[in-house]
Each structure stands twice: as C-alpha cells, then as structure tokens.
Amino acid sequence: MNRLAIITGATSGIGKATSVKLASLKYNLIITGRRESRLEELASELEKQYSLKVKILTFDIRNSRQTEEAIGSLSGEWKDIDVLINNAGLAAGADTIQEGLLSDWEQMIDTNIKGLLYISKLIIPFMIGRGKGQIVNISSIAGKEVYANGNVYCATKHAVEAITKGMRIDLLKHGIKVSSVSPGMVETEFSIVRYHGDKTKADEVYKGLTPLFAQDIADTIEFIVTRPPHVNINDILIMPTAQASAVYNHREE
Ligand code: NDP
Ligand code: 8X3
C-alpha cells in the first residue's frame, strides 16, 4: 500500500520539489497552499506521471478556521497520514527592528509559527491514533543564527527549532519521528516574496554564487523519510558550498 504524505506550501520552491520527490517514491499526496491553480496543475502532472492519488487542499494556513475546515474535510484513508512536511513559510521584508513593518512581522509569525502549529495540532491526533508517523519541519540557518535585518524572521525560525524539539519530546512515547531541515540560501520564490515582488533585489541575493536549489532540499527530505524505523534524523543543516554561515558567503566578482 502506498504511504501518504501531506506537504504544506506545495505551490512553489521546496514544497513543490518535495511533492515531486515523494511522488517518485510512490507516496499518495495531500498538497496545500493558497494558489489553487498551481495545486491543480501539480496534482494532474503527478497523477499522470506516477499514477498515484493526490488531494489538493486550498487554504491560508494563517487562518485557524480555514485550516480546521480543510483538514476536517479529510475522511477514510486520507487521514492515514504517514508524513507531515511543515514547509509553508516566508520571510517578509529585510529591515532593521526599528524600521520593520508590523504587517510583515504579523505575516511571518502567523505563517511560520502559528500556521505550523495549527496544522500540526490537527494532524498529530491521526498519527497518535495509528501509533506512528513522521513530521519534518522546515527551519532555516535563520533558526540557528541571527543576522542583520533578519530579526523577526530569525525569531520565527528559532521558534520552529524549539517547537521541533518540544514535539520530539512530547511525541516520543507515540512512536512519532520529528525532524527538521535547516537550509541556507535556496533559490526559490523566497527572496521575491521577501522583497515584496522586487525581482532585482531578489536576484542580488544569489549574485556571484551558486545557491542551493529546491531539489537539494527534496533530496534531503528523501534521506530523512527513507531511514529505517529505528532511526530518526533530528536535524540537517544544509548550505551551498559558497556559504559558510548566515553571513559568510563567497561570491565570484
Ligand atoms: P517559496 O516562496 O518558493 O514557497 C513558499 C510556499 O509557502 C508556497 O507554496 C506558498 O504557497 C506557501 N505559503 C506561504 N504563505 C502561506 C499561507 N499563508 N498559507 C498557505 N501557504 C503559504 O519559498 P521556499 O520554498 O524557499 O520556502 C519554503 C520554506 O523553506 C519556508 O518555510 C522558508 O522559510 C524555508 N526556507 C527557505 C530558504 C530559502 O533560502 N529559500 C532557506 C531556509 C528555509 P501560496 O503562496 O500558494 O500560499
Ligand atoms: C532563508 C535563508 O539566509 O535568508 O531561511 O535566512 S536566510
């Protein structure tokens, strides 16, 4: 029987690449995000290519009611979720603490922390009921270091680190594995979103170096979910070769 994974933020970047990777591993999928047409397109591609079942759930993860309705709509075998990939997230803005916008802060806190908690709280009971499951939280180098103008984004990813550790402790007796993946720079829509659609600023982030690609993180997730039952990968910190820390990069002129 196929395993089942739910991936948040599957419309783009790491979530989309992970959906394709898990489809290639013969998982049935529940893919989520706000951009429905992208979810529909991905679902139909994956169903065609891998002959598996894909369900799409379109909702804003910042909204607890929408999240409850979406997960509440799952019935029968769609509740038998083996793997939850908590990926939906963003950085909004790159301003000093004194110049940052409240709206950016709220968006990051509501998505990266509260959204991750809302969906986890709804999925964990299914896993406890089955006495097994695996949660992979997408954190960041920003969950381990704080860099200039990273303030609130870094705080949200530090929170993801603490939540991951807390989940691992509380879910220990239920046989549920909990991991995190903490990437450095990955070229996705992340920087376009961070700079509110300014493509020129976004391109500057990756100028003169080869960043990670979404596929690299999907490969890392593949490693995590294919370990044998007695092995849990707690955390993987993965960077481009041209990045040594949140602040040290090597750029070719
Ligand atoms: P993308 O912008 O390419 O993808 C972000 C995904 O999150 C989209 O599918 C988006 O879907 C979803 N999302 C954002 N807000 C919401 C919301 N309110 N409700 C539902 N879904 C939402 O960025 P990445 O793939 O790079 O980011 C994925 C994760 O990786 C994030 O948690 C990010 O913090 C983390 N990360 C990224 C790094 C990078 O350098 N790119 C490095 C380290 C960590 P939609 O807009 O359709 O709702
Ligand atoms: C995204 C990577 O370096 O912008 O989490 O914090 S970074």
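What we have here is a predicted model, in which local features need pLDDT of at least 70 and side-chain atom pairs count only at pLDDT 80 or more, while totals for chains, interfaces and linings use all residues. Side-chain values use heavy atoms, with hydrogens and water left out, residues are numbered from 1 along each chain as its sequence is written, and chains are lettered from A and ligands numbered from 1 in the order in which they are written.

Let me start with ligand 1. It is surrounded by 29 residues, of which Thr11, Ser12, Arg34, Tyr153 and Thr188 are the closest. By class, that shell divides into 11 nonpolar, 12 polar and 6 charged residues, where Ala, Val, Leu, Ile, Met, Phe, Trp, Tyr, Cys and Pro count as nonpolar, Asp, Glu, Lys and Arg as charged, and the others, Gly among them, as polar. Helix 1 (13–24) and helix 5 (151–170) each give at least two residues to the shell, a helix being a DSSP run (H or I) of at least four residues, numbered from the N terminus.

Which atoms of ligand 1 lie 2.9 Å and 3.0 Å from the protein atoms of arginine 35 and isoleucine 61? For arginine 35, a polar side-chain atom lies 2.9 Å from an oxygen atom of the ligand, whereas for isoleucine 61 a backbone N or O atom lies 3.0 Å from a nitrogen atom. A backbone N or O atom of glycine 89 lies 3.5 Å from an oxygen atom of ligand 1. On its own, ligand 1 has 880 Å² of accessible area, and the protein covers 96% of that, as computed by the Shrake-Rupley method with a 1.4 Å probe.

Turning to ligand 2, the residues around it are Ser140, Ile141, Ala142, Tyr147, Tyr153, Phe190 and Arg194, which by class are 5 nonpolar, 1 polar and 1 charged. An oxygen atom of ligand 2 is 2.5 Å from a side-chain N or O atom of serine 140, and an oxygen atom of the ligand is 2.8 Å from one in the side chain of tyrosine 147. For arginine 194, the distance from a side-chain N or O atom to an oxygen atom of ligand 2 is 3.4 Å. Taken alone, ligand 2 exposes 240 Å², and the protein buries 86% of that.

Note on methods: Near = heavy atom within 4 Å. Polar contact = N/O pair within 3.5 Å; in protein donor to acceptor, adjacent residues only side chain to side chain.
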